[in-house]
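Morning, everyone. Please have a look at the model on the screen, and I will go through a few points about it.

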Amino acid sequence: MYIQLEVGWMRHPFPVNSFRIVSDSQLRTLQALGLEAIRYFPDRSDIVPAEDTAPAAAAQDAQRAEAASAGEAPAAADPAPAAQPALWQRCNERFRGAARDYLRVFASAGTEPAQALELCDSMVQSYLHDVLPAGDLVIRLLSEGSGNRQAEHPINVTALCLLLGRALGMEPAQLHELGTAALLHDIGKDSTPGTAPLTREQYERHVGDSVALALGMGVSSDVLTAIAQHHEFADGSGFPLHLIDEDLSTTGKVLCLVNAYDRLCNPEFARGGLTPHEALSQLYAQFRERFDPAMLRVFIRMMGVYPPGSVVQLADGRYAMVVSVNSSRPLKPELLVYDASVPLAQAKPLNLEQCPDISIRRSLRLDQLPREALSYLSPRQHICYFFERAVEPCQP
């Protein structure tokens, strides 16, 4: 069956809005979306009776065998339509699970601190299972509604902190403390969506409230220090103590930098934030005195000049959105390219690592996109990141 989803591209894990259903896993994913209706196109559907599939498969096998006997390389099969969605779906599911676990930590930190700490440790350890081994990691943009809004920020910050800590060469024990501090840095803040913006006094008080709850949970002194410093800037302009660079711990500096980046992309109460590229540019151009310069450079390299979620224009004039970045090859992201001549059902992500002749000309604001490209790419308003191990290339 050929279908079309009447929602933005980033509200589901499929790479396109219109496609042909080819697997049971796609059906399960569609059911899990909870949509009220899905558009169906009978004239574009291709429902083949089971008894007719064998001859077609046999014909394909015969063609491959004939090519092989003639000494020709077998034609490469098109990537399975569900392959790329499966990667996004796996990341989305992990993020949703992390969001549920965080809400449990948040709810029990004051009443059952030991249980909250046990769950927090388990969460961080599961992330380190992927972060610690050598090899490439992919930072992936997640779909709309991947997690509860209250949990999105701490999960984003935790994932990016661990990746930055890894890039800085932190030891496993230090990474665990960093991950714990990142997960708990706002545990004392009532940031329930829909509530009124906090006053300045309430906002600044959340640092102490978070430290108090984390102390009750029994975390280490290094974790408490990092939580206490997640709004302290190297130039002394932060709060609550206006510390300067030499007073700050390494974990505190990492947490402060990543927290600032995510809040630029995802403001707590404002309607719209900066694009990821704009956020990185602003950190460097306007606020770099607030951060350790070497750490900021490593962060920008890790995220890529165009982090996932950035909307860009290619050198040939085409428009695209960055959907993932390999942390070891940040200048070669994977893109979803707008091409009016290619139906959404046939659109495939473009990996710049495999296309040396294609380059990015510039980053764009959303209001700079033509209406058709904006509809096609459907960039999301709230940026969510998670990571996964890069798929190793097949060996010949």
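Helices (H or I, at least four residues) and strands (E, at least two) are DSSP runs, numbered from the N terminus. By that count, the chain has 12 helices and 10 strands. This is a predicted model, so local features need pLDDT of at least 70 and side-chain atom pairs pLDDT 80 or more, while totals for chains, interfaces and linings use all residues. Residues are numbered from 1 along each chain as its sequence is written, and side-chain values use heavy atoms, leaving out hydrogens and water.

Of the 396 residues, 46% count as buried, meaning under 20% relative accessible area with a 1.4 Å probe, protein chains only.

On the helix 10 side, the contact (heavy atoms within 4.5 Å) is made by Leu280, Leu283 and Tyr284. Helix 11 contributes Leu296, Phe299, Ile300 and Met303.

Serine 324 lies in strand 6, residues 319–326. Is serine 324 buried or exposed? Serine 324 counts as buried, because its relative accessibility is 6%. Beyond neighbours within four places in sequence, serine 324 is in contact with Val138, Ile139, Arg140, Pro308, Pro333 and Glu334.

Methods
Buried means under 20% relative accessible area, exposed over 50%, partly exposed in between (1.4 Å probe, protein chains only).
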